[in-house]
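Let's walk through this one together, one question at a time. Have the sequence and the 3D view open as you read.

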Amino acid sequence: MGKRAEKRALILKAAEDIMSEKGSTDSSISEIARRAGVKDSVIYQYFKGKEDLLFSIACERMRDVLSLLREHLEGIQDAESRLRKMVWFHLSYNDTHPGYARILLLECRSCKAFYSSEAYQLIREYSSILHDILKQGVEDGAFRADINLNIARGIILGALDMENIGCLAAGEAENSVCDFESLASMIHLMLAPPVFAGSEGKNNKANTIMDAALTVFAEKGFSKAKISEIAELAGVADGTVYEYFESKEDLLLSIPVKRYERYLENLSGAFEITRPERKLRRLIMYHFLSFLTDRRFLKVF
């Protein structure tokens with residue numbers, strides 16, 4: 001690294017320290033210059049102003065993030081393992097670089113100009129890696145086929161950001177990585193194949209019928225849906241439906257019963273925490289991850 005690059009890095013480090021402590025509004029160029037051991041005018045040889053300096057911190061860090069993430073994912077083939085690694089990496093990097101995390105989450109994202117910066121383009125590149133992992137999982141059958149990849153990506157990144165913000169701004173936990181397993185479990189629940197699929201034995205056909213009914217009810221509404229349509233989609237005879245359900249109404253009401261059975265079954269594992277405010281935040285997050293990615297169920301319910 002040449003002298004000019006060293007001095008630029010020194011200025012960025014000083015700016016990251018001060019802006020993460022005081023916020024960009026209350027930080028001054030002169031204060032950053034003193035911390036870096038340079039004159040005020042030297043900073044303007046490298047950066048246009050305080051905003052450019054702020055965005056440059058995020059830009060340099062995102063280059064580091066992308067390089068490290070690709071290294072972490074190297075050699076991991078299946079989508080589920082790649083997703084777990086990316087979730088862990090996201091939490092861990094922000095834990096070990098809290099100043100950068102504060103600047104990105106609490107400063108840059110509240111500035112309209114940031115969304116036209118090079119740093120934001122690198123964030124889009126980062127999010128595209130997650131999108132590709134989700135797409136691979138759908139294609140391989142590891143993740144549900146009917147999921148909207150953009151919505152799922154947004155929910156996952158939003159959940160991770162809220163976990164980091166909870167630690168940085170609210171002091172809800174010492175670090176974010178301690179919640180990795182519970183977050184990974186919730187994300188897995190959101191992405192897992194439909195709740196009605198994959199059951200063994202006698203209930204397998206009933207689950208197939210419920211899944212078909214969910215699709216038909218969501219598309220046509222309960223009143224216009226016909227048992228014959230549901231049977232055809234499920235690949236069974238009309239009479240088979242009545243072997244498992246007394247009526248169309250019974251079939252309709254069986255759908256949320258099955259869904260909530262699964263919801264409650266997995267609920268306890270998401271609350272290995274003690275503070276009530278964190279439990280509330282986790283409940284909200286778990287609810288969104290569990291329900292809001294299946295539009296069919298929302299329409300029917």
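Q: How many Å does helix H9 reach from its first C-alpha to its last?
A: In this predicted model, helix H9 covers residues 180-191, which makes 12 residues. At 1.5 Å a residue, a span of 16 Å is expected. The reach from first C-alpha to last is close to that, at 16 Å.

Q: How many of the 12 residues of H9 are buried?
A: Buried here means under 20% relative accessible area. H9 is largely enclosed by the rest of the structure, because the number of its residues that are buried is nine.

Q: Which helix supplies the largest share of the lining of the largest pocket?
A: The largest pocket holds about 370 Å³ of space and is lined by 20 residues. Helices H4, H5, H6, H7 and H8 each supply at least two residues of that lining. The largest share is five residues, and it comes from H7.

Q: Why does the pair of Phe89 and Tyr93 count as tilted?
A: The model has eight aromatic pairs. For Phe89 and Tyr93, the ring centres are 5.8 Å apart and the planes meet at 35°. Planes under 30 degrees apart would count as stacked and those over 60 as edge-to-face, so a pair at 35° is tilted.

Q: Where do Phe89 and Tyr93 lie, and how far apart along the helix?
A: Phe89 is buried at 4% relative accessible area, and Tyr93 is buried at 5%. An α-helix has 3.6 residues a turn, so residues three or four places apart point the same way. Phe89 and Tyr93 both lie in helix H5, four residues apart, or about one turn.

Q: Which residue lies over the face of Trp88?
A: There are two charge-over-ring contacts to look at here. Arg4 lies over the face of Tyr46, 4.3 Å from the ring centre. Over the face of Trp88, at 4.9 Å from the ring centre, lies Lys85.

Q: How far apart in space are the C-alpha atoms of Asp140 and Ala79?
A: Asp140 is in helix H7 and counts as exposed at 54% relative accessibility. Asp140 and Ala79 are 61 residues apart in sequence. C-alpha to C-alpha, their separation in space is 8.1 Å.

Q: Is Ala225 buried or exposed?
A: Ala225 lies in the loop between helix H10 and helix H11. The C-alpha atoms of Ala225 and Ala213 are separated by 8.5 Å, with the two residues 12 apart along the chain. The relative accessible area of Ala225 is 3%, and the cut-off is under 20%, so Ala225 is buried.

Note on methods. Residues are numbered from 1 along each chain as its sequence is written. This is a predicted model: local features need pLDDT of at least 70, side-chain atom pairs count only at pLDDT 80 or more; totals for chains, interfaces and linings use all residues. Side-chain values use heavy atoms; hydrogens and water are left out. The expected span of a helix is 1.5 Å times one less than its number of residues. Buried means under 20% relative accessible area, exposed over 50%, partly exposed in between (1.4 Å probe, protein chains only). On a 1 Å grid over the protein atoms alone, a cavity is a set of points where a 1.4 Å probe fits but cannot get out, and a pocket is an open set with protein on both sides within 12 Å along at least five of seven lines; lining residues have an atom within 4 Å of a point. Grid points are joined across faces, edges and corners, and a volume is the space filled by probe spheres set on the points. Rings of Phe, Tyr and Trp (its six-membered ring) pair if their centres lie within 6.5 Å; planes under 30 degrees apart count as stacked, over 60 as edge-to-face and the rest as tilted. A charge sits over a ring if NZ of Lys or CZ of Arg is within 6 Å of the ring centre and within 35 degrees of the ring normal.
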